[in-house]
Amino acid sequence: MEERSLLFQIGPVWFDGTVILMTLLTCIIVFSIVFVCTRNLQMKPKGKQNFIEYVIDFVRGIASDQLSKNEVNNYHFLAFTLFFFILIANEIGLVTKIVTNHEVSLWKSPTADPIVTLSLAFMVIVLTNFLGVKKLGLKGYIKNSFLTPVSIILPIKLLEEFTNVISLGLRLYGNIFAGEVLLSLIVSMVNNLGWIALPLAIPLEMTWIGFSLFIGGIQAYVFVTLTMVFLSHKIEMEH
């Protein structure tokens, strides 16, 4: 039987309770990690401070590769927030699996839902365009983003904004969803075949969990990298 999400309705609008709960949990985990790791900061970092500084420096490097030096300080915490949230959201579904007797899933990665990933992608594209207007002014933004190097490319540039949302969102969703589906299939194999399948299922499950952890990190890296690329196109003058 196919697993379903925990759905509820407010007026005419339906909500995915599983995705809402897991997104809130992801936010709590991100906030908690940052809060704990930034207490009692020292000039000579160690332990938890080393960890958070490593992540910040790593993400700052991503931003530095795409933005000019004078812009990195303005946007590297945006990149850090995106990276940390997406990383935790990608990996949280690998921790456990909770399904009720009615085949309702209560635990999964938020990014294994296309609405979440497309919403993140849409938010990023809207934000980069807003920051472009803020930095260059409306006239300069339109010229730089849609009319450079020649105005005839305007339709292509407009179409590109739409395709950026689709490609950015579906790339993340596809990778995380596929990983969770395969893990579910391995569990189903044990349920169907019984204990005899354990010698094969356990190595497969552990191997795929490790691979999925790696893919989750890569997808967070790719998402933030592309976000910084899109941002650089909006806030820096094209030549």
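Trainee: Where does I52 lie?
Mentor: I52 lies in helix α2, residues 48–66. Helices here are DSSP runs of H or I with at least four residues, strands are runs of E with at least two, and both are numbered from the N terminus. Keep in mind that this is a predicted model: local features need pLDDT of at least 70, side-chain atom pairs count only at pLDDT 80 or more, and totals for chains, interfaces and linings use all residues. Residues are numbered from 1 along each chain as its sequence is written, and side-chain values use heavy atoms, with hydrogens and water left out.

Trainee: Okay, is I52 buried or exposed?
Mentor: I52 is buried, because its relative accessible area is 2%. Buried means under 20% relative accessible area, exposed means over 50%, and partly exposed is in between (1.4 Å probe, protein chains only).

Trainee: And how far apart are I52 and M22 in space?
Mentor: They're 23 Å apart, C-alpha to C-alpha, and 30 residues apart in sequence.

Trainee: New topic. Which residues make the nonpolar surface patch?
Mentor: That's F8, I10, V13, F15, I20 and L24, with about 500 Å² between them. Strands β2 (7–10) and β3 (13–16) and helix α1 (17–37) each give two or more residues to the patch. A patch takes residues with over 30% relative accessible area and no salt bridge, joining like charges within 9 Å and nonpolar side chains (Val, Leu, Ile, Met, Phe, Trp, Tyr) within 5 Å. A salt bridge is a side-chain nitrogen of Lys or Arg within 4 Å of a carboxyl oxygen of Asp or Glu. The areas come from the Shrake-Rupley method with a 1.4 Å probe, and for residues only the protein chains shown count as cover.

Trainee: Why does I10 count as exposed?
Mentor: Because its relative accessibility is 53%. I10 is found in strand β2.

Trainee: What about P149, where does that lie?
Mentor: P149 lies in the loop between α4 and α5 (154–193). A cis peptide bond joins T148 and P149, with omega at about 5°.

Trainee: Zooming out, how many helices and strands are there?
Mentor: The protein chain has 6 helices and 4 strands. From the N terminus on, the order is β-β-β-α-α-α-β-α-α-α.

Trainee: What share of the residues count as buried?
Mentor: Of the 239 residues of the protein chain, 38% do.

Trainee: Last one: what size of box do the C-alpha atoms fill?
Mentor: Roughly 65 × 50 × 40 Å, taken along the principal axes.
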